[in-house]
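Hello,

Here is the structure we spoke about handing over. My notes on what was found follow it.

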Amino acid sequence: MKLSPNYYKDRVCLNVLAGSRENAREVYAAAEKHVVVGVLSKNYPDLASAIEDMTKYANDIENAVSVGLGAGDPNQSEMVSQISKVIQPQHVNQVFTGAPVSRALLGQNETVVNALVSPTGKVGWVKISTGPLSSTFPDAIVPVETAIAMLKDMGASSIKFFNMRGLTYKDEFAYVAKACAENHFYLEPTGGIDLENFEEIMQIALDAGVEKIIPHIYSSIIDSETGNTRPEDVKTLLAMVKKLVG
């Protein structure tokens, strides 16, 4: 069982949601396997049902599962860690304080564990108080480089920069990308990414020299009637990745 994502040219792996196991298989094929498919813990009533269903997803798509919180909900942090301990997915979404718990319970370093940090409106600084308790207190805002060092201490793989609101925080994102590149850390741009702004967002990260990028493209490519991610849009995203990476 492969524990690390299947990056295109060892550089980029898409992250999209699936509305069903069939949809997961469709988007996995559309991305030519260069994808981790998000399944949200928030959609399950309890741990047992989540583990049972996500195990089926993992079997369907060669373990390319991304265990999700659900709109960055910090209250899902513990459930995500407990699911990940059992199913050993390729990708885990966490809040800042949840990353070390997930890494410890995984018991290995191959699975990508991200940690959610948020824009602050100030270039070079990020909000790290994104956990279930810390998010209810005054914001903890630290230099990007310090946040990366703390995440390395905690066994995380990447910064999940959320909510980007597309290109709203373009200058902040560019700084985060530069810091990730300089400190050999992965980057996951998230929030408001669509087929129109995807190339520009990716170009910023690639130009900065980020070693591995996992962009999250969610609601903008989901069919509102079916709840499924459109495979044709995933194909379009992959074509853009191939053009950008070369």
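Helices here are DSSP runs of H or I with at least four residues, numbered from the N terminus. Please keep in mind that this is a predicted model.

By that numbering, Ser 77 belongs to helix 3, which covers residues 77-87. Its relative accessibility is 8%, so Ser 77 counts as buried, the cut-off being under 20%. Leaving aside residues up to four places away in sequence, Ser 77 touches Leu 69, Gln 94, Val 95 and Gly 98.

Next, a helix pair. Helix 1 (residues 21-30) packs against helix 2 (residues 47-60) at an angle of about 30°, and their axes are 10 Å apart. Angles under 35 degrees count as roughly parallel, and helix 1 and helix 2 are therefore roughly parallel to each other. Their crossing is right-handed. On the helix 1 side, the contact is made by Arg 21, Ala 24 and Arg 25; helix 2 contributes Asp 53, Lys 56, Tyr 57 and Asp 60. Sorted by class, this contact has five charged residues, two nonpolar and no polar ones.

Last, the cysteines. With a disulfide taken as a pair of cysteine sulfur atoms within 2.5 Å, the count is zero. Cys 13 is in no disulfide, and the nearest cysteine sulfur to its own, that of Cys 180, lies 16 Å away. Cys 180 is likewise in no disulfide, its nearest cysteine sulfur being that of Cys 13. Cys 13 has a relative accessible area of 0% and is therefore buried. Cys 180 is buried too, with a relative accessible area of 0%.

Regards

Key:
Residues numbered from 1 in each chain as written. Predicted model: local features only at pLDDT ≥ 70, side-chain atom pairs only at ≥ 80, totals over all residues. Heavy atoms only, no water. Axes fitted to C-alpha atoms, helices over the stretch in contact; angles between N-to-C directions. Helix = DSSP H or I, 4+ residues; strand = E, 2+ residues; numbered from the N terminus. Parallel < 35°, antiparallel > 145°, perpendicular 65-115°, else oblique. Left-handed = near helix turned anticlockwise from the far one by under 90°. Contact = heavy atoms within 4.5 Å. Nonpolar A, V, L, I, M, F, W, Y, C, P; charged D, E, K, R; others polar. Buried < 20%, exposed > 50% of the residue type's maximum accessible area, 1.4 Å probe, protein only.
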